[in-house]
Amino acid sequence: MKRILPKAWIKDRKREYYYKKAKAEQYRSRATYKLSQAIEIYNFIKRGDVVVDLGAAPGGWIQATRKVVGKTGYVLGVDLKPIEPFPWEYVRTIVADMTDPETLGQILTFLPRNPDAVISDASPNISGVWEVDHARQIDLAGKALQLALKLLRPGGNFFAKVFEGDLLNDFIMTVKSRFEAVEVIKPKASRAKSSEMYVLAMKMKPGNIIDEKTKSVGKSPELDLVDDVE
Ligand SMILES: C[S@@+](CC[C@H](N)C(=O)[O-])C[C@H]1O[C@@H](n2cnc3c(N)ncnc32)[C@H](O)[C@@H]1O
């Protein structure tokens, strides 16, 4: 007799598989695999890169990123919560709110140069009300985008968590206007039934960036930075 498995059970199995794997491989989160699977396929972070990781606690993405960039690279993790320190000199973390306008300045003081990639797995506290959670998630992704547009070197990459829903399309359109190539992807490690997805944007077009050394804003004549994408 064919057994029909309850959906919640299948969902939990996947969750448990990556939970156990992360534990065995000493990663701080299951989410680590979502990022490493995406990097493996799309190659948007490379050896020697400088990377800003927004919403980085407890630090699984930082671990995956630092493996790729190696000691010639640099990773800065940013979160509302403190992240237990890592032993590598080229990995730093700060406690900061990515929605606070002062955070941009704080990030800049910790960077050796404009980053090659800005990644964001930041999520709000889930309320359980789908529309509310979707709107909050897109809002956070928008804040990550604003930071990325100001920080990235021209040609840099952006990768951010979003939730499926009505506001996603507009967000993607905004991202598309700033990057050469944009894809919405769902890594294997992300549960198929969850509305979580990731927007991957490759090669930022020239625009507003802040020169890390001079702290001045370089502005290309053909592109103006939209401050709000909501
Ligand atoms: C899913 S967790 C990130 C997991 C992480 N990628 C990892 O692999 O360990 C989402 C994080 O977003 C952070 N977050 C939410 N809102 C934030 C904000 N406004 N500024 C900074 N971090 C934020 C939360 O504190 C939480 O730690």
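Me: What numbering and which pLDDT limits apply here?
Reply: Residues are numbered from 1 along each chain as its sequence is written. The model is predicted: local features need pLDDT of at least 70, side-chain atom pairs count only at pLDDT 80 or more, and totals for chains, interfaces and linings use all residues.

Me: What is the mean pLDDT of the chain?
Reply: The mean is 87, and 84% of the residues reach 70 or more. Here pLDDT is the predictor's confidence in each residue, from 0 to 100.

Me: Where does pLDDT stay under 50?
Reply: Over residues 218-230, for which the model has 19 contacts beyond four places in sequence. Two residues are in contact if their C-beta atoms, placed from the backbone, lie within 7 Å.

Me: How many helices and strands are there?
Reply: The chain has 6 helices and 9 strands. These are DSSP runs numbered from the N terminus, with H or I over at least four residues for helices and E over at least two for strands.

Me: And what share of the residues is buried?
Reply: Buried residues make up 39% of the 230 residues in the chain. A residue is buried if 20 or more other C-beta atoms lie within 10 Å of its own, exposed if 12 or fewer, and partly exposed in between, with C-beta atoms placed from the backbone.

Me: On to the ligand. Which residues are closest?
Reply: Ser29, Gly55, Ala57, Gly60 and Asp121 are the closest of the 23 residues that surround the ligand. A residue is counted as near if its C-beta atom, placed from the backbone, lies within 6 Å of the molecule.

Me: What is the shell made of, by class?
Reply: It has 11 nonpolar, 7 polar and 5 charged residues. Ala, Val, Leu, Ile, Met, Phe, Trp, Tyr, Cys and Pro count as nonpolar, Asp, Glu, Lys and Arg as charged, and the others, Gly among them, as polar.

Me: How many residues of α3 are buried?
Reply: The helix is mostly covered, with 9 of its 10 residues buried. Among them are Gly60, Trp61 and Arg66. After α3 comes Gly70, with a positive phi near 70°.

Me: What is the peptide bond from Ala57 to Pro58?
Reply: That bond is cis, with omega near 0°. Pro58 sits in the loop between β1 (50-54) and α3.

Me: What is the phi of Gln26, and where is this residue?
Reply: Its phi is near 60°, a positive value in a residue other than glycine. Gln26 lies in the loop between α1 (7-24) and α2 (32-42).

Me: Is Gln26 buried or exposed, and why?
Reply: Gln26 counts as exposed because it has 7 C-beta neighbours inside 10 Å.

Me: What about Lys203?
Reply: Lys203 also has a positive phi, about 60°, although it is not a glycine. This residue belongs to strand β7, and Lys203 is partly exposed because 16 other C-beta atoms lie within 10 Å.

Me: Changing topic: which residues of α6 are buried?
Reply: In α6 (residues 168-178), they are Phe171, Val175 and Arg178. They cover an arc of only 60° around the axis, so they are on the same side of α6. The arc is that of the directions from the helix axis to the C-beta atoms.

Me: Why would residues in a helix line up like that?
Reply: An α-helix has 3.6 residues a turn, so residues three or four places apart point the same way.

Me: What is on the other side, and what does the buried side pack against?
Reply: Asn169 and Met173 are exposed on the other side of α6. The buried residues pack against α5 (130-151), β5 (157-163), β6 (179-185) and β7 (196-204).

Me: Last topic, the largest nonpolar core. Which members touch the most others?
Reply: Val118, Ala144 and Phe158 do, out of 52 residues. The largest share of this core, 9 residues, comes from α5. Such a core is a set of buried Ala, Val, Leu, Ile, Met, Phe, Trp, Tyr and Cys residues joined through C-beta atoms within 7 Å.

Me: And what does Phe158 touch?
Reply: Not counting residues up to four places away in sequence, its contacts include Val118, Leu145, Phe179 and Met204.
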